[in-house]
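Me: I am new to this structure. Please begin with its surface, then look closely at one part.

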Amino acid sequence: MRSFSKIFAKLFIGSAAIAGAFCSGLVSANVNGYAVANIGYGNVDTQIDSEADVSYSAALGYRFHRQWYVEGGYISLIDADTDEQSLSSKGPYLALLGKASSPKGELYYKLGVASVDIEQVSINSSACGAEALACGYDDTIVAGLAGIGFDYYVGMKSMVRFEYTYFGGKDDFSAHIVNLGFRYNF
């Protein structure tokens, strides 16, 4: 398992680079954008088995109406490796967020789609059958996503994000993700 500090450092540096590249071309425009980096806990269920581990994501968002955002990003739902199995599930997503603002922050819901690349290998698993020593699953699926969260103001342009997101797709794929993140508005 990767250490939390390495994952968080890569996520923070990547988000800062994406936000910087996005902002550099749009500084003169009146843009209501943001960048967000999340780390959390994910529980992923596939045809073969289920596993829970660290989840992380980075995204850029844009407010196109006072109550609506569009957000696109990349999420790693799980990257677990044990003696019995290896499970990796990650990919890009696009979502529409509806929000309700208050002086403390923004309550929002999220609806969207994701392209999830799932790679799973199980060794000596009962899910493989009696004669199989190893079985696997490798596919890219389209999954729907629905979530709810709250962005809490901690500064003029910075917010702390609390979020729950559900992903569901073909072949009995589902994931439940609970995130804690940092959002920077530009």
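This is a predicted model: local features need pLDDT of at least 70, side-chain atom pairs count only at pLDDT 80 or more; totals for chains, interfaces and linings use all residues.

Reply: Residues are numbered from 1 along each chain as its sequence is written, and side-chain values use heavy atoms, without hydrogens or water.

The surface comes first. The protein exposes about 9,900 Å², and carbon and sulfur atoms supply 61% of it. That area comes from the Shrake-Rupley method with a 1.4 Å probe; for residues, only the protein chains shown count as cover. Of the 186 residues, 42% are buried. Buried means under 20% relative accessible area, exposed over 50%, and partly exposed in between (1.4 Å probe, protein chains only).

The protein has 1 helix and 8 strands. From the N terminus on, the order is α-β-β-β-β-β-β-β-β. Helices (H or I, at least four residues) and strands (E, at least two) are DSSP runs, numbered from the N terminus.

Now the core. In soluble globular proteins, nonpolar side chains tend to be buried together.

Take Leu77. Setting aside neighbours within four places in sequence, Leu77 touches Gly42, Val44, Val54, Ser55, Ser89, Lys90, Val116, Phe167, Phe173, Ala175 and Ile177. A contact means heavy atoms within 4.5 Å. Across the protein, among contacts between residues at least 6 apart in sequence, 57% join residues at least 24 apart.

Look also at the rings. The structure holds 3 aromatic pairs. Rings of Phe, Tyr and Trp (its six-membered ring) pair if their centres lie within 6.5 Å; planes under 30 degrees apart count as stacked, over 60 as edge-to-face and the rest as tilted. One of the pairs is Trp68 with Tyr109: the centres are 6.2 Å apart and the planes at 90°, so the pair is edge-to-face. Trp68 is in strand S3 and Tyr109 in strand S5, 41 residues apart. Trp68 is partly exposed at 28% relative accessible area, and Tyr109 is partly exposed at 39%.
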